[in-house]
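Hi,

Here is the structure I said I would pass on. Have a look at it first, and then read my notes below.

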Amino acid sequence: MAYVLVLLVVIIIALMIYNIIIYKRIQNFNNINQKITGLNVLQDFMNTIGEYSSVDEKIKKINDILIEKYDIKYSTIVMFDGAEYAVKASNVKEQHWEALRNLHNQEIFKDSISTATPKYITVNNENERLPYQTMEFGRARSAMFFPLYIDNVYIGYWIIESGEPHAFDKIDTTILEVVKENIIAVYKTISYQNTVENISRKDLFSNLNSAEYLYGQGKKIIDKYTTSTVCMFRITNLEKINEEYNRQTGNEVITELSNYISQSISSEYVFVRYMGPKFVIIFSGVNIEGVVEFVQDLKNNIENLKIEEVLMEDDEEEPRYASPKLNFVLTTYYKGTALENVTKKLEEYLDNADKNENDINNI
């Protein structure tokens, strides 16, 4: 009988040890699985940076990834632009966005923002509501609030919600902290693009977008295609026109030239005033061989324009006529590469070319 008891004790101890080993293996598996998920999410984030053109589209896609990969019921990203809070991405009905973009005013979250620490709130029964809910019952009964900071500068917050009470009681907050950091990292990466998109302006005389447009909305059009031809040209005699006639006549040259080209090219092509006497046309989806003849005709037609001198009010002389002279340079742009490096290379060529050069060059 004693032997049986000893045997049972040994079996029980062995089973306990076996269960502990299995538990540890499951935990290790879960940790590995979580790391793999985290890496996959990060990879999806990085892909989003390249695949989606506008900053708002990228943030929305990132939020969609979070909802799908982590099985989150509701996820909302709110950013502060220095003037106001705006919901940048959310799968919550828009009728609730006003409350979501004003969470910074809620006492329950103020300490979280000031200390840069997450805040978890929940209700205990179906009849309660979360403190920030003003016009809804039942949509969310648990929430985790994450303030977002870049280099100690507060930029907004991320909030996840569930329709179940105590839904996040046992959630691994370490993973969510990693996700939060990934959101911040991606937003930091695309913040330059956000700046570029917001500073693009229309030029007064050409009525064309400025160079910044190329790297924001313009790139959205260009990157529909694998390769495109980038064409930069310079009005080589613009300074001379300004001196021999007057600056108003030089401005009129810019206006007529820009109007002529705008009417001559497809809406899929991007045309901007790059800087001063330099302009850029990007022939989206067209190779250099398909552009050269068109550019040659364009150059000939523009240089044959006779633009009447703008006379001052007290000027009684007969008006003269100015004609622009153009120097072109072409190269190929490949989707996914740095467009700003391509335009910089073309600009350097034109700036270093002989001032009397009047040609079409491929580099």
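I'll start with helix 4: the cover over its buried residues includes strand 3 (119–122), strand 4 (142–150) and strand 5 (153–162). Before you go further, keep in mind that this is a predicted model.

The buried residues of helix 4 (residues 107–115) are Phe 109, Ser 112 and Ile 113. They line one face of the helix, because looking down its axis they fall within an arc of 100 degrees. On the face turned away from that buried side you'll find Glu 107, Asp 111 and Ser 114, which are exposed.

Next, the aromatics. There are 14 aromatic pairs in the structure. One of them is Tyr 120 with Phe 168: the ring centres are 6.1 Å apart and the planes sit at 65 degrees, over the 60 needed, so the pair is edge-to-face. This pair links distant parts of the chain, with Tyr 120 in strand 3 and Phe 168 in the loop between strand 5 and helix 5, 48 residues apart. Buried or exposed, what is Phe 168? It is buried, at a relative accessible area of 11%, while Tyr 120 counts as partly exposed at 28% relative accessibility.

Phe 145 and Tyr 157 make another pair, with ring centres 4.9 Å apart and planes at 35 degrees, so this one is tilted. Since Phe 145 belongs to strand 4 and Tyr 157 to strand 5, the pair ties together parts that are 12 residues apart in sequence. Both Phe 145 and Tyr 157 are buried. They also belong to one aromatic cluster, formed by Phe 80, Tyr 85, Phe 109, Tyr 132, Phe 145, Tyr 149, Tyr 154 and Tyr 157.

On to cavities. Searching the whole structure gives one cavity of 30 Å³ or more, and the largest cavity holds about 40 Å³ of space. Its lining is made of Ile 59, Ile 62, Ile 77, Met 79, Ile 183 and Tyr 187. At least two lining residues each come from helix 2 (55–69), strand 1 (74–80) and helix 5 (173–199). By class, that lining counts six nonpolar residues, no polar and no charged ones.

Last, a spot further along the chain. Leu 305 is in the loop between helix 9 (292–303) and strand 10 (307–308). Beyond its neighbours within four places in sequence, Leu 305 contacts Ala 322, Ser 323 and Pro 324. The C-alpha atoms of Leu 305 and Ser 323 are 5.7 Å apart, although 18 residues separate the two along the chain.

Cheers

Methods:
Residues are numbered from 1 along each chain as its sequence is written. This is a predicted model: local features need pLDDT of at least 70, side-chain atom pairs count only at pLDDT 80 or more; totals for chains, interfaces and linings use all residues. Side-chain values use heavy atoms; hydrogens and water are left out. Helices (H or I, at least four residues) and strands (E, at least two) are DSSP runs, numbered from the N terminus. Contact means heavy atoms within 4.5 Å. On a 1 Å grid over the protein atoms alone, a cavity is a set of points where a 1.4 Å probe fits but cannot get out, and a pocket is an open set with protein on both sides within 12 Å along at least five of seven lines; lining residues have an atom within 4 Å of a point. Grid points are joined across faces, edges and corners, and a volume is the space filled by probe spheres set on the points. Ala, Val, Leu, Ile, Met, Phe, Trp, Tyr, Cys and Pro count as nonpolar, Asp, Glu, Lys and Arg as charged, and the others, Gly among them, as polar. Buried means under 20% relative accessible area, exposed over 50%, partly exposed in between (1.4 Å probe, protein chains only). The arc is that of the directions from the helix axis to the C-beta atoms. Rings of Phe, Tyr and Trp (its six-membered ring) pair if their centres lie within 6.5 Å; planes under 30 degrees apart count as stacked, over 60 as edge-to-face and the rest as tilted.
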